[in-house]
Amino acid sequence: GDCSMSNLNFLHSGGNKVIISAPDSNPSSDVTLKLPQADGSKNQALSTNGSGVLSFATVSDYSHRRINVNGAMAIAQKGTSATGNADNGYPICTDMVNYRRTGAWSGTTWTVSQNSQTPTTLAPFQFFTRWTQAGTAQNAPNDTSTNLQYKIEGQDMAHAMWGTSNAIQCTLSFYVRCSQTGTFCVYVNSTNRYYVFEYTISAANTWQRVTHTFVSPTSGTFNTNTNAGIGMQFVIAAHAASSTYGGATTNTWLTVSKRWTSNQSTAMSANAGATWDITGIQFEIGDTATPFEHRSFGEELLRCQRYYQKSYNHSVVPGTATYIGCSRGESINANTIDICPRFKVDMRTTPTVTIYSPTDGASGNCYFDHSTNANRTAVAANVGESGFGSLHRSAGDLAHNGDQHASCQWTASAEL
């Protein structure tokens with residue numbers, strides 16, 4: 001090879017060159033790139049640590065690398081805010097984000113909400129999910145915690161081969177902002193394996209990105225079907241000294257259900273009005289956190305509708321009195337109403353369908369608007385992954401002959 005002022009030339013024996021060139025404009029300072037000491041593995045690429053030190057890293061395909069759904073918190077089909085303390089385990093506003101509580105923690109409440117922001121605040125994220133301390137300010141009682149949970153369907157992460165000798169490293173990244181500083185934990189679990197890692201909030205009310213590459217689990221049961229492969233619980237406040245759930249060893253897969261470390265903060269529950277925000281969740285194959293993969297609103301909505309969908313417009317909360325989007329049909333006999341909507345996308349499993357009267361939003365009711373003009377109790381019948389086949393009237397309800405017009409709104413839930 002030979003060198004010039006701006007090029008490094010490698011001369012092939014056939015006479016042609018391979019040339020590595022300097023930037024077109026003069027750098028503001030010297031740039032040093034330090035090569036790794038050894039070659040990488042097949043399909044690995046050189047990656048910089050941001051300071052010029054290069055290493056070989058496994059990088060997944062750029063497209064479709066984000067395995068999880070609604071990571072940008074853009075979809076909220078159930079509404080934009082809910083307050084309570086029930087450990088229901090299902091999303092209460094933002095799709096795919098569940099409120100969970102460990103232990104019997106009474107006397108206080110939380111608000112979980114989908115919030116918007118100017119995209120330039122954290123480019124290019126427009127939405128985030130917020131947890132707010134909304135009740136009595138108190139330290140976490142013994143063996144308790146308050147968390148937000150996020151699950152990933154097993155067959156979507158089956159190619160990671162977790163629980164086998166061929167398990168592949170995966171990386172989780174997310175953006176978090178908190179009104180309180182301190183140490184917080186993320187608790188990840190499968191059917192019988194448990195993993196905890198810590199991150200630190202050092203500046204209050206400031207967005208920061210957290211990244212963590214998991215140790216590949218070569219044993220344990222990780223579902224590869226339509227059930228959850230893993231669940232991730234972002235611990236917001238917890239009883240740090242808990243002998244039952246605290247004291248976890250970090251960055252290793254455990255066979256006992258330890259959920260946080262002795263460093264976990266309880267400041268969020270102890271300060272009235274404290275807030276904890278999250279967006280940009282990305283779970284991907286590989287040992288490198290790549291830039292967040294954004295999808296269109298329509299594509300993300302379709303992915304969410306595999307788990308939950310409704311007849312209402314997207315911005316309308318289920319239970320609202322409206323005919324817009326409702327399903328209509330006629331009664332066949334005293335017990336069967338010929339209303340048979342098709343779902344917008346096949347659902348994860350046979351869903352739980354709830355119907356609502358379009359006149360007043362009453363749950364478990366359809367509305368007869370031909371000669372009766374009244375709500376009548378009914379349930380969805382012949383429910384499958386692609387829709388339901390009819391409504392069935394409850395035994396003992398006021399009977400009607402056939403050919404009576406009826407309407408209903410509905411939701412279908414097959415959430416993890």
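Modeller: The side chains of Arg303 and Glu299 meet in a salt bridge, at 3.1 Å from N to O. By salt bridge I mean a side-chain nitrogen of Lys or Arg within 4 Å of a carboxyl oxygen of Asp or Glu. One caveat: this is a predicted model, so local features need pLDDT of at least 70 and side-chain atom pairs count only at pLDDT 80 or more, while totals for chains, interfaces and linings use all residues. Residues are numbered from 1 along each chain as its sequence is written, and side-chain values use heavy atoms, with hydrogens and water left out.

Colleague: Where do Arg303 and Glu299 sit relative to each other in helix α2?

Modeller: They are four residues apart in that helix, so about one helical turn separates them. Helices here are DSSP runs of H or I with at least four residues, strands are runs of E with at least two, and both are numbered from the N terminus.

Colleague: What about Arg306 and Glu153?

Modeller: Their side chains form a salt bridge as well, at 2.7 Å from N to O. Arg306 lies in the loop between α2 (297-305) and β17 (308-310) and Glu153 in strand β10 (residues 145-153), so the pair ties together parts that are 153 residues apart in sequence. Glu153 is buried, with a relative accessible area of 1%, and Arg306 is partly exposed at 22%.

Colleague: OK, zooming out. What does the secondary structure come to?

Modeller: Two helices and 24 strands. The protein has 416 residues, and 47% of them count as buried. Its C-alpha atoms fill a box of roughly 95 × 60 × 45 Å along the principal axes.

Colleague: What about contacts between residues at least 6 apart in sequence?

Modeller: Of those, 70% join residues at least 24 apart. Contact here means heavy atoms within 4.5 Å.

Colleague: Switching to the surface: which residues make the nonpolar patch?

Modeller: Leu8, Phe10, Val18 and Ile20 make one of about 370 Å². Strands β2 (7-11) and β3 (17-21) are the elements that give two or more residues to it. Patch residues have over 30% relative accessible area and no salt bridge; nonpolar side chains (Val, Leu, Ile, Met, Phe, Trp, Tyr) are joined within 5 Å, like charges within 9 Å. Phe10, found in strand β2, counts as partly exposed at 44% relative accessibility.

Terms used:
Buried < 20%, exposed > 50% of the residue type's maximum accessible area, 1.4 Å probe, protein only. Areas by Shrake-Rupley, 256 points an atom, 1.4 Å probe, with all protein chains shown as cover.
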